[in-house]
Amino acid sequence: MSNALFNKFDSVSSKQWKQKIQFDLKGADYNDTLIWQSNEDISVKPFYHSDDFNELPEVSNTKATNWNICQSIFVADAHKSNLKAIDAIKRGAESIKFIIPNKSISIKNLLQNINLASTLIYFDLHFLDENYVKQLALISANAKTHIQTDIIGNLARSGNWFTNLKNDHKHFEAIVKATNTFSVDASLYENAGANIVQQLAYALSHANEYLNHINNNESLRVIFENSNNKSVVTFNVSVGTNYFFEIAKLRALRILWRSLISEYNFNSECHIIATPTKRNKTLYDYNTNMLRTTTECMSAILGGANTICYLPYDAIYHKNNEFGARIARNQLLVLKHESYFDKVNNPADGAYYIESITNQMADKALSLFKNIETNGGFLKQLKDGTIQRKIKESDTKQQQQIDTGKDTLLGTNKHPNPNDIMKHELEHYPFVKINKRKTLIAPIIEKRLAENLEKERLKLE
């Protein structure tokens, strides 16, 4: 019966739909009235149809049923961080991301009483030490762990290598041999103001610098060519509020990654850790941040992220606190266990709108990636300031859209509460900090869109 349900209805082509819409517009131009351009120069149409596709889109290979709830913990004290991690796991966290600032942190104390067989652990190291990594890899052998090493990400964020180019790459080689993995911090580009196409292209070009290096080193190349090896490349990605575009961004990233590693004949898994962006978070009307992070986490799940690291609503101005962390963790628990966001694999597959913008993003990002590679590659363009300049141009455009009210930050540039007082709530400085120091390149600096308005309001309190 189900097969014959719609047999009596004639199919309607996209051309017929467009003619009907054009008639209803009563003379207004279809393109000017209903098609809008995103900051990425992607055309968004009022409707999408199967006629837009010459063939059915491929089924994506992600599994939304397997995404993990993650808590990030900055490790100042191994014992305290260990207790905090154990408590988070008891309360529903399925993975932990330890941010380790220096090699004095005891790995044994940090991992004590944590079941490494069932809990996925990420180690985000803010230093470069191959002996520490080898020790870490030995302790966590046969466990569910990811050791993140990103020397180019450190250069882009800080403006300097850990030591120098040659020494950093020497350590990088040793670490990759010990771990079969490296990572790419693509979250920096989103938080600094890059548009989505730029984020994808820069992430891909960033990763390609490593792949080039690996391809030119026989002992490393064997690791990534071996089909029996579990080589993994981790992308740390920030997710914004443009709901469907962010779904498409993660899907496009996987498409681009598959295309890139196929050129090297490498066999490597793309592992995505997604975190809500800091870019649109606000100091005033801070509860709105919970709505923002909820939709951002939803986009990450539907886009196929492996792990979602939550961001507390008050993270920009409060030090770590139990209440903010609990609320943020519970957002993901509600999505998983009450909203059933872990019941369907690839839920975005076949949605014509998402498929269309995914393809447009991938095509535009690939074009930009090729341009970067033709002009010397990512490192060269970082050193000559091209990447920084392009991100700044995108940041300025987005900032103007906020300042003029074209784009909305609820509670900040639209419907602000004049009685909202925040000066007494600031436990740490919520704005861009500029410390003058000598750097090899201009660092890429994260900046929130609300900062200018917030500074003015704080002055008037």
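User: In this predicted model, is L128 buried or exposed?

Analyst: The model is a predicted one, and the relative accessible area of L128 comes to 16%. A residue counts as buried when that value is under 20%, so L128 with its 16% is classed as buried.

User: Where along the chain does L128 lie, and which residues is L128 in contact with beyond its neighbours within four places in sequence?

Analyst: L128 sits in a loop, with strand β5 (120-125) on one side and helix α5 (130-139) on the other. The C-alpha atom of L128 is separated by 8.7 Å from that of K103, although the two residues are 25 apart along the chain. When the neighbours within four places in sequence are left aside, the contacts of L128 are T149, I151, F162, D168, H171 and I175.

User: Is I35 buried, partly exposed or exposed?

Analyst: I35 belongs to the loop between α2 (30-34) and β1 (36-37). Its relative accessibility is 21%, and buried would require a value under 20%, while exposed would require one over 50%. I35 therefore falls in between and counts as partly exposed.

User: How far is the C-alpha atom of I35 from that of P46?

Analyst: Residues up to four places away in sequence are not counted here, and I35 then touches Y30, S43, V44, K45 and P46. P46 is 11 residues from I35 along the chain, and the separation of their C-alpha atoms is 6.5 Å.

User: Which helix holds V222, and what is the C-alpha separation of V222 and A203?

Analyst: V222 is part of helix α10, which runs over residues 218-225. With a relative accessible area of 47%, V222 is partly exposed. Along the chain V222 and A203 are 19 residues apart, and their C-alpha atoms are separated by 23 Å.

User: What is the phi of N265, and is N265 buried or exposed?

Analyst: N265 is located in the loop that joins α11 (243-264) to β9 (269-276). Although N265 is not a glycine, its phi is positive, at about 60°. The relative accessibility of N265 is 61%, and since exposed means over 50%, N265 counts as exposed.

User: Where is Y340 found, and what is its relative accessibility?

Analyst: Y340 is not a glycine, and yet it has a positive phi of about 60°. Its place is the loop between α13 (322-337) and α14 (352-374). Y340 counts as exposed, and its relative accessibility is 53%.

User: How many disulfides does the structure hold, and how far from C270 is the nearest cysteine sulfur?

Analyst: The count of disulfides in the structure is zero. C270 is accordingly in no disulfide, and the nearest cysteine sulfur belongs to C309, at a distance of 15 Å. A disulfide needs two cysteine sulfur atoms within 2.5 Å, so the answers are zero disulfides and 15 Å.

User: What are the relative accessibility values of C70 and C270?

Analyst: Both cysteines are classed as buried, C70 as well as C270, because buried means under 20%. The value for C70 is 0%, and the value for C270 is 7%.

User: How many helices and strands does the chain have, and what is its radius of gyration?

Analyst: The secondary structure amounts to 17 helices and 10 strands. For 461 residues the globule rule gives 23 Å, and the chain comes close to this, so it is as compact as a globular protein of that length, with a radius of gyration of 23 Å.

User: What share of the residues in the chain is buried?

Analyst: Along its principal axes the C-alpha trace spans about 70 × 60 × 50 Å, and the chain exposes about 22800 Å², of which carbon and sulfur atoms supply 51%. Among contacts with a separation of 6 or more, residues 24 or more positions apart account for 78%. As for burial, the buried share of the 461 residues is 51%.

How values were computed. Residues are numbered from 1 along each chain as its sequence is written. This is a predicted model: local features need pLDDT of at least 70, side-chain atom pairs count only at pLDDT 80 or more; totals for chains, interfaces and linings use all residues. Side-chain values use heavy atoms; hydrogens and water are left out. Buried means under 20% relative accessible area, exposed over 50%, partly exposed in between (1.4 Å probe, protein chains only). Helices (H or I, at least four residues) and strands (E, at least two) are DSSP runs, numbered from the N terminus. The radius of gyration is taken over C-alpha atoms; the globule rule is 2.2 Å times the number of residues to the power 0.38. Contact means heavy atoms within 4.5 Å. Accessible areas come from the Shrake-Rupley method with a 1.4 Å probe; for residues, only the protein chains shown count as cover.
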